[in-house]
Amino acid sequence: IQRKFSSSPYEVYFPRNSAMEWQPHSPNCDVCHTSCQGIKRKKQLPNLQLAKRLKIIAERARKNRCVKNQGKLNNKNLMKKITNCKKIHLSTKLLAVDYPVDFVKAISCQICEHILSDPVETTCRHLFCRTCILKCLKVMGSYCPSCLYPCFPTDLVTPVKSFLNILDSLTLRCPVKECDEEILLGKYGQHLSSHKELKGKEIYTHINKGGRPRQHLLSLTRRAQKHRLRELKLQVKTFAEKEEGGDIKAVCMTLFLLALRAKNEHRQADELEAIMQGRGSGLHPAVCLAIRVNTFLSCSQYHKMYRTVKAVTGRQIFQPLHALRTAEKALLPGYHPFEWKPSLKNVSANTEVGIIDGLSGLPHSVDDYPIDTIAKRFRYDAALVSALMDMEEDILEGMKTHDLDDYLNGPFTVVVKESCDGMGDVSEKHGCGPAVPEKAVRFSFTVMTITITHGNTNVRIFEEVKPNSELCCKPLCLMLADESDHETLTAILSPLIAEREAMKNSVLLLEMGGILRTFKFIFRGTGYDEKLVREVEGLEASGSTYICTLCDATRLEASQNLVLHSITRSHTENLERYEVWRSNPYHESVDELRDRVKGVSAKPFIETVPSIDALHCDIGNAAEFYKIFQFEIGEVYKNPDASKEERKRWQSALDKHLRKKMNLKPI
């Protein structure tokens, strides 16, 4: 009725824990009066009866108000009994200044009427001490003690900072006897601790250690936790020594499991039990490392993932970064001790050498060629040792397969294939690092075979099944440089080659399977494509007149003779020819000198084994045979002048045949 006829909306708040008390809004409204009396109106009442009834209603309302006020007082006393904070909260009587009543009411708790201690604010804007309101909400129900508005512990917030500043600046009289000092509320705890009277301390010692309630055990520092649990720890220790043979850990774990299961948290209890029995649900650090490397995660990205997974699942599935670093040490060169007999020339005897700067061995002077690159590498001998230790199981298994005693100490002969190739487009996608080439060169090696001399025979105990797989190709040096840049390549790879040359004439002593074994190395530089062979052997580029990296044939000679060519070039011969090119001992012209050295124009610095580049050979063969088969299908010997459309038909016929018969996908 009120909402229908008035211009402003009329709101009624219903209390949660008591019945609504209705009041008539007008003395002339028969509807309200009848509702209040709880009887149905049958007919219009005469005015005398109405006046009498109104008098009765007014009397009842007055009585109700008295009862209500009395109830409020009782309620307040009950709440004060619940909080029982007389000894821990400060009375408003201690205020040194005679503040106005309203101000005192504003800075005091509306339950205990003491000065606010660790104040909190409800959603209905009433202020209470934190401990007081939490106790009342627990006992009396979830509503505000002042206005009965719904209120929950999660709704409580700290008041604005300006109010807290006002609170801290209140002046109090010290309650300790014989101390008339006036202090600020913010510094009250500090002042109180300076008093030596124990009695006074006991009365007011709990207040104002920052005005906070007792902190939860888990939120304390480790030292504070130890202090609080000291008595319990001693009791557990006594029990463990008496009943469980001193196994404190087992007692604590069992208590924890029982506590979890009592709260029906069985999944968590099962996981804890699994960890206790060594069946941990977490991944091994080496597995986590493999995940991090293969998904290209940086350390910070991995750490974020680790934290997120731990927070979401509540389990440590991934291992922390320090565990990964420890696992990585065992996998990288520089972890296993070894020795060379005789010791390597110009190479340190220190075996704990990890990743080193590729430029560290370069002399720096004004006249040097400016090296504009970043290079990282392993020391060659340390990397070889690491590779052999990775293959320890394969080596011992190979010996067992050939019925050899696994205590044989060698000598083992290891054939190592060296590879080097350039990579294009490795530019930095984000950020702005140093100005380096957007190309990289990677030098690596693969252990191809391992043989052992047993009696008078050589037994092959290991052979790499997939020699071109990236899994067996061990990185040795990585540099940001162009593979055509002969000077940079020479400067960075020369130390590696020097280490390799030293290892050729020495024997490695390495403990494997608990026995000191000896290893000799044979190096084969076969993992180079034609471009790199020309680069490291000091030959002219592939557009040269001297077209072959294996012999001295020119283009003209090669076109006239497709069969009779023998391998004539070698690394030593190329070095000799470079010396001739450099010194020109016969004082010849440029053309005569070039003809003499057969295309050698730079210093060769890596010895390569003359071999055909299999990849380019395969591509060339495939392209050539693809063409030949098309010509056979179209019988080109009968019709040499076939049109473009006809040639297309030959190709599609061949493609169809390859798909159907050979299950190949022509590209």
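In the predicted model, Ile450 touches Leu388, Met391, Ile395, Phe412, Thr413, Val414, Val459, Arg460, Ile461 and Phe462, residues up to four places away in sequence being left out of the count; contact here means heavy atoms within 4.5 Å. Ile450 also belongs to the largest nonpolar core, which has 57 residues and in which Leu388, Ile450, Leu493 and Phe521 touch the most other members. Apart from this core lies another, of 35 residues, among them Leu95, Val104, Cys129 and Leu137. A nonpolar core is a set of buried Ala, Val, Leu, Ile, Met, Phe, Trp, Tyr and Cys residues joined through side-chain atoms within 4.5 Å, where buried means under 20% relative accessible area, exposed over 50%, and partly exposed in between (1.4 Å probe, protein chains only).

This is a predicted model, in which local features need pLDDT of at least 70 and side-chain atom pairs count only at pLDDT 80 or more, whereas totals for chains, interfaces and linings use all residues. Residues are numbered from 1 along each chain as its sequence is written, and side-chain values use heavy atoms, with hydrogens and water left out.

Of the 667 residues of the protein chain, 32% count as buried, and the accessible surface (Shrake-Rupley method, 1.4 Å probe) comes to about 44,600 Å², of which 55% belongs to carbon and sulfur atoms. The chain has 24 helices and 13 strands, taken as DSSP runs numbered from the N terminus (helices H or I, at least four residues; strands E, at least two). Among contacts between residues at least 6 apart in sequence, 57% join residues at least 24 apart.

Helix α14 (residues 299-313) has 15 residues and reaches 21 Å from its first C-alpha to its last, close to the 21 Å expected at 1.5 Å a residue, the expected span being 1.5 Å times one less than the number of residues. Just after α14, Gly314 takes a positive phi of about 75°.

Leu478, placed in strand β11 (residues 474-479), counts as partly exposed because its relative accessibility is 44%.

Lys603 is found in the loop between α22 (590-597) and α23 (614-634), and counts as partly exposed because its relative accessibility is 47%. With residues up to four places away in sequence not counted, Lys603 touches His486, Val536, Gly538, Leu575 and Tyr578; the C-alpha atoms of Lys603 and Tyr578, 25 residues apart along the chain, are separated by 5.9 Å.
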